[in-house]
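Please read them with the structure open.

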Amino acid sequence: MQGRVLIVDDDRSMCELLETDLRLRDFDSLWTTSSTSALELLQSHPVDVVLTDLRMPGLSGTELCERIVANRPDVAVVVMTAFGSFESAVAAMRVGAYDFVTKPIELDLLALVLQRAVRHRALQEKVKLLSQEVEGLKRFDEMLGTSRPMQELFDQLARIADSEAAVLITGESGTGKELVARAIHRRSRRQSQPLVPVNCAALPDALLESELFGHAKGAFTDARAARKGLLLEAEGGTLFLDEIGEFPLVTQAKLLRALEEQRLRPVGSDREQPFDVRILCATNRDLESAVEEGRFREDLYFRINVIQVDVPPLRARGTDVLLLAQHFLQAFAPRSRKEVLGISDAVAEKLLSYAWPGNVRELRNVIERAVALTRYQQLAVDDLPEKIRNYRQSRMVIDSGDPAELVPLEDVERRYILQVLEAVGDNKANAARILGLDRKTLYRKLRQYDQNP
Ligand SMILES: Nc1ncnc2c1ncn2[C@@H]1O[C@H](COP(=O)(O)OP(=O)(O)OP(=O)(O)O)[C@@H](O)[C@H]1O
Ligand SMILES: [Mg+2]
């Protein structure tokens, strides 16, 4: 079958003639003499192309075409015009008709035009599906990333979101730990229940206990009425304990007991209450050292760390830096009413070589500032802050004494390896010899850095 055609013409004999001819040419067709009923037929019948006359009582062919373009972008429109009324054909094309044929109709030509319209529709559909697929691969919930470390993170998140296990989200400041927590909640069975975030660092130690567990009436001087705590507010849903490393030692035992027994006792109350809440925690601090130093209870650490999700630093995400820069640019440009379309190659190079100690948050701020400053349609190097403009990797590694400029060892290693590779013209065997690594190790490291070996 070539495709399904809806014929619309106020001349019934014309409809019948076209239907007969199109059937012989293997098109499936139906017809109507009223443009209003054409719209109804479109809702109840699968149609690839509408073939419509222009001059009709009621809704004209151009108006019909306009409505189909607006409401049914999946259907192509071909119009039939009287010989010589060229302007009306142009008008129809202007509102989105795919093509036109002139009366008296040459049936061979009509069949060709319809065939092309059907094929055009199918192609458009395919392109749409493909670009949705690409869009889907680039993001997980609100998080963007095509680099290998991010794709691995997305895989892990997809696997664990639906479990009930406690998750500890680790990663440097600004890497997106909060987005990870939200993504896990939204993909879990608890998604229709609340996600309650608690910033453990923002609350004074003395308040945290009653905030979390609630308190009974008269529990302390200010407690004129009983109050439900955040754990109960999250009932059926998820509690997100952000900056768990700051959780006061004195309250850790109480939290542990509550999590183990899934029951809690509000401050000043003698009654326990059951609760059903999934726990997600985040920290940018090394919680293991906190445990070793006695600042964090080991038993609580194991309880909240059933699954660990490590969010990679921005500098380990390869060209995601550019993807994110473009994403933020598109978000900020309209806000400052500027038509900034992209970034120059020189800016891209600077963004790729900078170490991003403040990670995605820092990148976001840099782009916001650059968009506000720029006088160009493409961000230029002058729009970047000085520390990024003048960032020189070797100087940083060798002779900076400023703690704010110093970078992690792993970062020094990555840059040095890339520098050696560049110096030997990308010859892996030579690079491995200079670095004192075997080739497999070099390949493994390059894969970690998301550089295609
Ligand atoms: N992959 C990503 N795609 C898009 N935006 C991101 C991504 N990662 C982070 N962001 C954005 O970067 C900013 C910082 O993210 P977030 O607050 O989640 O970081 P964090 O790890 O919780 O930081 P901190 O440790 O300082 O609390 C937010 O504005 C967030 O929307
Ligand atoms: Mg955070």
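1. Gln252 counts as buried because its relative accessibility is 0%, and buried means under 20%. The model is a predicted one.

2. Gln252 sits in helix H10, which covers residues 249-261. Leaving aside residues up to four places away in sequence, Gln252 is in contact with Phe247, Arg295, Phe296, Arg297 and Leu300. Gly174 lies 78 residues from Gln252 along the chain, and their C-alpha atoms are 26 Å apart.

3. An open sheet is built from 5 strands in the order E2-E1-E3-E4-E5, with parallel pairing. Strands E2 (28-32) and E5 (99-103) are at the edges and have a single partner strand each, so one side of each lacks a neighbour in the sheet. From one strand to the next, the twist averages 20°.

4. Strand E4 (residues 76-82) pairs with E5 in the parallel sense through 5 bridges. Thr81 has Thr102 in E5 as its bridge partner.

5. Helix H5 (residues 107-138) lies across E1, E3, E4 and E5, and runs at about 155° to E4.

6. In helix H19 (residues 428-435), the buried residues are Lys428, Ala431 and Ala432. Viewed down the axis of H19, these fall within an arc of 100°, so they line one face of the helix. Arg433 and Ile434 are exposed on the other side of H19. The cover over the buried residues of H19 includes helix H18 (409-423) and helix H20 (439-448). Gly436 follows H19 and has a positive phi, near 70°.

How values were computed
Residues are numbered from 1 along each chain as its sequence is written. Chains are lettered from A and ligands numbered from 1 in the order in which they are written. This is a predicted model: local features need pLDDT of at least 70, side-chain atom pairs count only at pLDDT 80 or more; totals for chains, interfaces and linings use all residues. Side-chain values use heavy atoms; hydrogens and water are left out. Helices (H or I, at least four residues) and strands (E, at least two) are DSSP runs, numbered from the N terminus. Buried means under 20% relative accessible area, exposed over 50%, partly exposed in between (1.4 Å probe, protein chains only). Contact means heavy atoms within 4.5 Å. The arc is that of the directions from the helix axis to the C-beta atoms. Two strands pair if DSSP finds at least two bridges between them. Axes are lines fitted to C-alpha atoms, for helices over the stretch in contact, and angles run from 0 to 180 degrees between N-to-C directions.
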